[in-house]
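Welcome! Please take a moment to look over the sequence and turn the structure around, and then try the exercises below before reading each solution.

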Amino acid sequence: MTDGGTGTGRRIVLATRNPGKLTELARILAASGIEVTLAGLDEFPGAPEVAETGRTFAENALLKARSAARFTGVAAVADDSGLCVDALNGMPGVLSARWAGRHGDDQANLDLVLAQLTDVAEPDRGAHFACAAAIVLPSGTERVAEGRLYGRLARAPRGTNGFGYDPIFLPDSSDLTTAEMEPAAKDAISHRGRALRALGPVIAELLPG
């Protein structure tokens, strides 16, 4: 897989401007062994921002992928993901990126979740990350794959890898947060890794090399 150029018949735009997410998505797709030429939305000036108005991760992923495919004329992959906390009845869920009120303020979102769980005992701090990954072709063909990672929430942030809620999420059977893990180790178990690996065969089917 390459991040640019014309060395492959498969060209995909990743419908994100988040550099951390773009790096992670590119790394996961590369590990799937499928050769694609990747571009982010920043390479397409004027690409519209998409309001994430869907009620599910799959709906939001499709909204973003449809918009990118329509604007660029290129097959588009988008994902939507979030943290679902048992003690908060599955929230913040699709509101994860704007839980504290301003979209993309990772620190404020993380701090708010921790504050909301201050009095929650260890056995009740269960949570999972959920991800839906969608591919949409300019022809209108679209498919979705999903992945989850179950675990629990730490009481304080640890680690500097990853982004979002990674510093407080402890996967089942791990004493490391996902922000303390090496990228390859995280990708092997992550919700986004699972969703994108499931999407890999679909990319191969829809975009023959």
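The exercises go from the overall fold to single residues.

**Before you start**

This is a predicted model, in which local features need pLDDT of at least 70, side-chain atom pairs count only at pLDDT 80 or more, and totals for chains, interfaces and linings use all residues. Residues are numbered from 1 along each chain as its sequence is written, and side-chain values use heavy atoms, with hydrogens and water left out.

**Exercise 1. Find how many helices and strands the protein has, and work out their order.**

Step 1. Start with the definition: helices (H or I, at least four residues) and strands (E, at least two) are DSSP runs, numbered from the N terminus.

Step 2. Counting these runs gives five helices and six strands.

Step 3. Along the sequence they follow the pattern β-α-β-α-β-α-β-β-β-α-α.

**Exercise 2. Find where the confidence is lowest and where it is highest.**

Step 1. Helix α1 (residues 19–31) has the lowest confidence, with a mean of 77, while strand β6 (residues 169–171) has the highest, at 98.

Step 2. Look also at residues 1–8, where the pLDDT is below 50; this stretch has 20 contacts in the model beyond near neighbours in sequence. Contact here means heavy atoms within 4.5 Å.

**Exercise 3. Compare the radius of gyration with that of a compact globule.**

Step 1. The radius is taken over C-alpha atoms, and the globule rule is 2.2 Å times the number of residues to the power 0.38.

Step 2. For 209 residues the rule gives a value near 17 Å, and the protein has 17 Å, which agrees.

Step 3. For the outline, the C-alpha atoms fill a box of roughly 55 × 30 × 25 Å along the principal axes.

Step 4. Now look inside: 49% of the 209 residues count as buried. Buried means under 20% relative accessible area, exposed over 50%, and partly exposed in between (1.4 Å probe, protein chains only).

**Exercise 4. Which residues of helix α3 (residues 106–116) are buried?**

Step 1. The buried residues are N109, L110, V113 and L114.

Step 2. Seen down the axis of α3, they fall within an arc of 130°, so they line one face of the helix. The arc is that of the directions from the helix axis to the C-beta atoms.

Step 3. An α-helix has 3.6 residues a turn, so residues three or four places apart point the same way.

Step 4. What the buried residues of α3 pack against is β5 (142–153).

**Exercise 5. Explore the loop between β3 and α3, which holds N89, P92 and G93.**

Step 1. Most residues other than glycine have a negative phi, and most peptide bonds are trans.

Step 2. N89 has a positive phi, near 55°, and counts as exposed at 74% relative accessibility.

Step 3. The peptide bond from M91 to P92 is cis, with omega near 5°.

Step 4. G93 is buried, with a relative accessible area of 5%. Leaving aside neighbours within four places in sequence, G93 is in contact with F57, G82, L83 and C84.

**Exercise 6. Is T177 buried or exposed?**

Step 1. T177 sits in the loop between β6 and α4 (183–189).

Step 2. With 0% relative accessibility, T177 counts as buried.

Step 3. Not counting residues up to four places away in sequence, T177 touches R158, D166, P167, F169 and L170.

Methods
pLDDT is the predictor's confidence in each residue, from 0 to 100.
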